[in-house]
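Biologist: I have a structure open and want to learn how to read it. Can we start with a record and work from there?

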Amino acid sequence: MQGSQPSLFRSLIWWTVYSVCGVWAMYLVPGVDFLLPGLLCSMQEGNKAQTIWLMLLFTLIQEGAGLLAFGPGLLWYAMACLLFYLGRSLFEAENIVFILILSAAMGAGHVVIGITMRHLQDVAILLPRLVSDGCLNAVIIPLVWFVVFRLRERELRNVNAA
Amino acid sequence: MLVLALCLYLTLFTWNLRTGYVDKLATHTGLEFTGAVLKPGKWVRDQVVEFWDHYIDLVSVRKRNDELEAQLKEAMFSLAEANEDKAEVLRLRSLLSVSAPAGWERIGARVIAHRLGVQAELESILLDKGYLKGSGVRTPVVTHEGVVGRVFRAGPYTSSVLLLTDPNSRIAVVSQDNRTPGIVVGLGPRSQLEMRYVALNAPLGVGELLVTSGQAGAFPKGLPVARIVSIEYSDISLFQKVMAEPLANLDNLEEVLLIGNTGDVEAFDQQSLDTQQEDDAQKQ
């Protein structure tokens with residue numbers, strides 16, 4: 001997937017449209033992160049600057065839309081980055097199996113982050129909801145990643161062809 | 001490296017808890033971005049549905065019209081009775097030299113989302129009004145059926161509301177007939193509410209309505225909150241176990257009312273969820 005990158009303007013448009021679609025998807029399915037697959041694709045492209053900007057944008061969206069104090073969104077994306085870069089040394093980064101394992105780990109991580117915030121922020125968070133959202137994330141993220149990956153591949157192919 | 005990152009994170013987290021600056025940044029960027037994305041789509045959907053209902057699907061319109069006419073007649077009778085009661089209250093107030101409570105203005109708002117995002121673990125809704133349009137932090141949110149919750153986060157044009165069914169929600173209430181005070185606490189989505197700190201000998205009845213007590217100016221007095229469904233007495237507790245059903249239907253919220261304070265009622269002091277839970281723990 002790594003190759004020549006699209007222009008800044010084109011990337012801006014692409015990721016803005018992706019973020020808008022992601023927000024609408026999160027409206028339809030509460031509790032699931034539809035922005036994370038985009039971040040994973042960006043990490044797979046190897047574009048560090050783009051990854052950092054996307055992480056910042058997605059963190060602000062998640063933290064803004066949630067009611068908890070700032071912190072869980074940052075932890076969530078930091079955990080995704082850490083697991084990705086650690087897992088890349090063991091697995092092929094663009095393999096669906098790697099994404100399935102990563103999503104399962106993120107689903108478990110969602111529960112861990114929720115329990116951590118429960119104690120850190122002294123708020124009542126229902127454990128059944130944490131677990132169900134974690135399971136949903138583990139199942140849905142790979143599916144969304146597959147679609148986003150294909151779209152992103154086509155986009156980069158068009159750029160290379162141009 | 002990991003330890004350093006963790007220390008940096010905890011430093012940022014603690015600093016944010018004390019100052020709230022990063023929360024404000026997230027509210028003014030993330031929440032506003034979400035609102036800006038959802039509002040146009042909701043507007044288009046509303047226009048399409050309205051066009052369909054008004055110009056194409058006329059089958060149920062006549063039946064609905066008849067139902068509404070009957071409801072209107074009943075409401076007009078109730079209004080006439082209420083006007084008589086109101087006049088009597090005004091006369092009694094002036095006789096007893098009791099000052100009238102400060103005014104509360106009502107502002108309509110639309111619900112644009114329920115529990116958005118991966119960090120939406122609390123029961124919440126997003127509204128299409130922010131602090132520039134009267135939806136400030138801690139503004140009460142109601143429907144014609146009853147209390148819905150309070151604004152928890154407010155950007156300039158979008159705000160988030162903590163629903164009364166959330167376990168972190170606390171509303172000071174009083175029973176309508178017996179005037180027994182208590183605190184209504186949420187127990188989760190589609191669950192009943194619990195009324196806490198009701199003494200064992202306090203009079204209370206199943207089916208009784210719970211209304212806001214108006215204490216500390218958090219909510220206007222007299223707003224319906226819930227109806228009592230069960231009362232249990234315990235040998236090991238100082239309090240009754242009172243369960244209630246919320247009156248507002250929180251599953252299909254589309255429009256709500258924001259109740260803005262226009263008078264000199266003292267604002268509710270900023271209490272974090274931590275403080276509320278500490279009070280809970282001490283009282284228990």
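Modeller: Start with what the record names. UniProt, in an unreviewed entry, gives residues 122–259 of chain B the annotation "domain: Rod shape-determining protein MreC beta-barrel core". Keep in mind that this is a predicted model.

Biologist: What are the helix and strand percentages of residues 122–259 of chain B?

Modeller: Compare the label with the computed content. The span is 0% helix and 43% strand. Its end C-alpha atoms lie 22 Å apart.

Biologist: How many helices and strands does chain B have?

Modeller: Chain B comes to four helices and twelve strands. Of its 284 residues, 32% count as buried. Here, buried means 20 or more other C-beta atoms within 10 Å of the residue's own.

Biologist: Which domains is chain B divided into?

Modeller: There are domain 1 (2–55), domain 2 (60–96) and domain 3 (170–262). The C-alpha centres of domain 2 and domain 3 of chain B lie 25 Å apart.

Biologist: How should I read sequence distance in the contacts of chain B?

Modeller: Among contacts in chain B between residues at least 6 apart in sequence, 59% join residues at least 24 apart. Val161(B) gives you a case to trace. Leaving out residues up to four places away in sequence, Val161(B) touches residues including Ser124(B), Val141(B), Val148(B) and Phe152(B).

Biologist: Which residues touch the most other members of the largest nonpolar core?

Modeller: Val161(B) is one of them, and so are Val148(B) and Leu39(A). The core has 88 residues. Domain 1 and domain 3 of chain B each give this core at least three residues.

Biologist: Now the two chains together. How many residues does each chain bring to the contact?

Modeller: Chain B brings 37 residues and chain A brings 35. Next, ask which elements supply them. On the side of chain B that touches chain A, H2(B) has the largest share, twelve residues. By class, that side has 18 nonpolar, 14 polar and five charged residues.

Biologist: Where does UniProt place the "transmembrane region" feature in chain A?

Modeller: An unreviewed entry puts it at residues 12–32, 52–85, 97–117 and 123–148 of chain A. Check such spans by helix content and end distance. Residues 52–85 of chain A are 82% helix and 0% strand, with end C-alpha atoms 14 Å apart. Residues 123–148 of chain A are 85% helix and 0% strand, and their end C-alpha atoms lie 35 Å apart.

Terms used:
Residues numbered from 1 in each chain as written. Chains lettered and ligands numbered in written order. Predicted model: local features only at pLDDT ≥ 70, side-chain atom pairs only at ≥ 80, totals over all residues. Contact = placed C-beta atoms within 7 Å. Helix = DSSP H or I, 4+ residues; strand = E, 2+ residues; numbered from the N terminus. Nonpolar A, V, L, I, M, F, W, Y, C, P; charged D, E, K, R; others polar. Core = buried A, V, L, I, M, F, W, Y, C linked by C-beta atoms within 7 Å. Buried ≥ 20, exposed ≤ 12 C-beta atoms within 10 Å, placed from the backbone. Domains from an automatic or database assignment. UniProt positions renumbered as here; feature names shortened; annotations may be inferred.
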